[in-house]
Amino acid sequence: MSSGFTRTDTGALQSPDQPMKGEMIPPQEIRVTPDSQKGKVIGVFTSGGDSQGMNAAVRAVVRMGLYLGCRVYFIREGYQGMVDGDEYIQEANWVSVSGIIHKGGTIIGSARSTDFRQREGRLKAAANLVKNRITNLVVIGGDGSLTGANLFRQEWSSLLEELTKNGTITSEQATSCSHLNIVGMVGSIDNDFCGTDMTIGTDSALHRIIEASDAIVTTASSHRRTFILEVMGRHCGYLAIVAALASEADFVFIPEWPPEGDWPDILCKKLEQERSSGQRLNIVIVAEGAQDRQGQPITADEVKKVVVDRLKHDARVTVLGHVQRGGSPSAFDRVLGCRMGAEAVLALFDATPDSEACVVSLDGNQAVRVPLMQCVEKTKAVARCMADKDWQKAVQFRGRSFERNLQTYKMLTRLKPPKSAVDAAGKGVEGYRLAVMHVGAPCCGMNAAVRSVVRNCLYRGDTVYAIHDGVEGLVEGNIHTVGWHDVSGWVGEGGAFLGTKRTLPGNMMDKVVARFAEFKIQALMVIGGFEGYHAVLQMAEARDKYPALRIPMVVIPATISNNVPGTDFSLGADTALNEITEICDRIRQSAQGTKRRVFVVETMGGYCGYLATLAGLASGADAAYIYEEPFSIRDLMGDVQHMQTKMAEGVERGIILRNEKANENYTTEFIYKLYSEEGKDIFSTRMNILGHMQQGGRPSPFDRNFGTKTAAKATDWLLTQLKDSIQPDGSVNANTKDSACLLGLLRRQYKFTPVEDLKAQTDFKRRFPMRRWWRDLRLLLNMLATSESMVCTHRSLLMEKSIAEDIDDVQEDI
C-alpha cells in the first residue's frame, strides 16, 4: 500500500514488555531498513514430510528477504534439489509467492535425500550454493532436516576447501562464500520437536482430526458403534492426546505413556460402564506409534479385536493417514508461518561465524530463537527415555504443556467423580459451593470451559451451580446444580448452553447479592467477554457495601473480538479467525477464471481490530482497515493505486478487510464504491459483510483445548483462594483485590491479574484494552502485502529479537 507503513510505522513485531525467565536475553530493539542487506543471497527450502503452513513461511522468507534488498532463491525438492542444482535452484520474486498462503503442502516441493547423507552429495550441494552465491539458508523441516543443515554448516569450510582443490570453484568464490549461515523453522504435524510450543502444521492436522471425529460421532451414535481412530504420531502422542481432549474420546493410546499391562480389561470396563450409563457410542484414539509397557505395538486393529471379542460391540477402525497432512492450513499455522519466516530472515543476518545455529520457535505468544542442536538433543532424549521404558521422564521431556494435557485428559474422562470425592451419603467431601455463568455475547469454546470447571470441581467433591442467561438469569433465580453427566458432549458444541446476555449487575446489585446469599455461593467463575470482565469489576468494587460479594471471583475471557484487557488471547477468537480466513479463501476462489477482481470484506470486532488484522495476515489480504489506525481518503486512494500496481505485476485477486467500526464515514460500502469507481478500468469489485457467521460453527481444536485448560487453571485458583479465605464459622471473607482476577495468557505464561488493576488499562467507551499486542503484527501484514516496486518507498520497521541461550529457558506453558 502506498502509505501503509507511514501510518503504522511505530511499534514492534514483538512487544517490549515481555516477561522473561531464567537466562533469556532481554529483547533488543532493532531497526530494519529496506535494502539494508543488499547484495546478500538467501536460499529457502522445505525438507522431510510436508505440513500445512509451510507456504506461509516460504512466502514470509521471500518477501522479508526482498524487503531487505536480498536476492532469494527457491531450492526445490529439499536437499535433493540442492544436490542436483540447475533448474532446482530458482530465483524468486514478489509475485512468485502470491496466492500461496492458503495452499497446503509446499509449493517448492519436499523430499528425503539419500545423496545428501553422503559427503559426496554435500560437496555437490555446496558447489551449487556457491554457484548461486547463496550463503544464507532457511530450512523448514523436522529434526532430521535441521540436524543435516547443522552438519552441512559445520563442514562448510572443509567442503569449500575440497571444491577449490579439485577446481570445481575458484579461490575467489571460496573467499566470497566463506561462511554459511543457517536458521531453522520446524515444520511437522506431529509437534515432536522440543523447544517450541507448536510446530508449523500441528494445528492444521488437529483440525483434520477433529473434523473427522465430529463427523464420525453422528454415524457412531446412529448405530451404537465403537470407532477406533488411528492418528499420526509415530514417536509422539501430541496429536492423539489433544485430539482426545478436544473430542471427548473415551480412551487414548500414546507412545510416551503406555497403558497398564491389563489395558484390555481397563478399556472394556470403561466402555461397558459408559454404555450402561446411557452413552450410545464410544471413540478410542490410537497414535500410530502406541505401545504397551513392554514396548510392543498396540494397533487400532488390536484394539478393535479386544472390543469386539469381549464386549460384542459393533466396532469400526478409521485410519486417517495422510488426510492429516492435507488441506488448507489453519489460520494459526498461517500466522505462525508468517511470523517465523520473517524472524528467520532477521536471525540469518544476526548470525556470525562463531554463533551457534538457531531455530525459530514459539514460546507462548513470543517468537524466540533457541540453539538448534540443544533442541535436537532434547528431542532425541525423549526417544531414549521411551527405549529405556522411563515413561515419566519421557512425558516430562515433552514439556509441561504435554504433561498437563495428559493429566487433564485423565481427570475429565472419568466416568464419574472418584470415591474419595464423596462420602458414604454421596455428598462432596470438600463441600464448597461454586457458581459458573456467562456474561456477554456467545462464542465457541464456552461449553468446553463449563465442562472443565464442572468436572474439576466435582472431582474434588464440590458442588457446582450453573447460572443460566447471565445476570438476568441470576436475578430471576434460574440456577441449578450440575452433575458429571450433565456436561457430557459439550466440548465440541458451539454457542453457550448455559445461555448468556450482556446485562451488567450494576443497577440490580441488591438482587444479585440476594441470590448469592440464598444459594450460599462461595466462589464465582464468569466466562465471557468485555461485559464479563466489567461485571466482575462492578461486583469487586461493591464489596465494601455487600459482604456477600466478598468471595473469590475469576473471569475467563471469552469473545471473538479479543478485546478484553489482561490477556493476549480470548476464548472463541481462534474459531472466528478460522471462519473468516476460510470464507476469504472461498471468496477468492469464487473469482477463479474471471477477470481481475477485488473483494471488500467486513469483519466483526466492534472497535477492536484484532480479527481484521489477524485475518488479513492469515488470508494474505492487501489491506486491513481498523479503528485503532486512522486513515484518510488519501490513504484509501493510495491503496487503490497500489492495487492497480499489483495487478500490473501479475496479481489477479485482491482482498480488502475492514473492521465494522473502523471509521463512521468511510464505511464498507463507501470503500467498495471507491474501489469500484477508481479501479473499474483494471479490476471489478465485490462487497461481502460476514456478520454472525463469525460467531457460529463448532469450536476449533485450539479453543476446545484452551477452554478446557484455562477453566482447569481458574478452578484450581478459585479453590486455593477459597481455602485461604474461609472463616471458622464457614463464611468466606475474600476482600482483597487479589481475590477478584482475570485469567489471561500473556505472551509466555498464564497470569491472574486483579480486575481492579486492569481498570486503568481499559477504554470503557470503546470497549478495548489500552495495550493491544497484535497491533505490532500490522507492520508484518503491511510489509507482506506490498508489491516489489513499492518496497523502496517504505520506511524502516521497528522490530525486536528475543533469544534464549538455553532450551530450558523456553517455557512450554500453553
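**View A. Strand β15 and its neighbour β14.** Ile-479 in β15 is the bridge partner of Ile-467. The two strands, β14 and β15 (residues 479-481), pair in the antiparallel sense over three bridges; strands count as paired if DSSP finds at least two bridges between them. Helices (H or I, at least four residues) and strands (E, at least two) are DSSP runs, numbered from the N terminus. This is a predicted model, in which local features need pLDDT of at least 70 and side-chain atom pairs count only at pLDDT 80 or more, while totals for chains, interfaces and linings use all residues. Residues are numbered from 1 along each chain as its sequence is written, and side-chain values use heavy atoms, with hydrogens and water left out.

**View B. From β13 to β14.** Strand β14 (residues 463-467) is mostly covered, with four of its five residues buried; buried means under 20% relative accessible area, exposed over 50% and partly exposed in between (1.4 Å probe, protein chains only). Strand β13 (residues 433-439) runs parallel to β14, joined to it by four bridges. Look for Ala-435, whose bridge partner in β14 is Tyr-465.

View C. Four strands pair in parallel here, in the order β8-β9-β7-β10. At the edges sit β8 (251-253) and β10 (314-319), each pairing on one side only. Neighbouring strands of the sheet are turned by 15° against each other on average, direction ignored. Helix α6 (residues 202-223) lies across β7, β9 (282-287) and β10, running at about 165° to β7. Contact means heavy atoms within 4.5 Å. Axes are lines fitted to C-alpha atoms, for helices over the stretch in contact, and angles run from 0 to 180 degrees between N-to-C directions.

**View D. The β11-β12 hairpin.** Six antiparallel bridges pair strand β11 (residues 358-363) with β12. Val-360 stands opposite Arg-369 in β12. Two residues lie between the strands of this hairpin, and Gly-364 in the turn has a positive phi of about 65°. In a regular strand, side chains alternate between the two faces of the sheet. Both faces of β12 are covered: Gln-366, Val-368 and Val-370 are buried on one side, and Ala-367, Arg-369 and Pro-371 on the other.

**View E. Helices α12 and α13.** Helix α12 (residues 391-398) packs against helix α13 (residues 400-412) at an angle of about 120°, with their axes 5 Å apart. That makes α12 oblique to α13; angles under 35 degrees count as roughly parallel, over 145 as roughly antiparallel, 65 to 115 as roughly perpendicular and the rest as oblique. Gln-392, Val-395, Gln-396 and Arg-398 in α12 meet Phe-402, Glu-403 and Leu-406 in α13.

**View F. Around Ser-330.** Ser-330 lies in the loop between β10 and α10 (331-350). Is Ser-330 buried or exposed? At 3% relative accessibility, Ser-330 counts as buried. Not counting residues up to four places away in sequence, Ser-330 touches Asp-203, Ser-204, His-207 and Asn-578.
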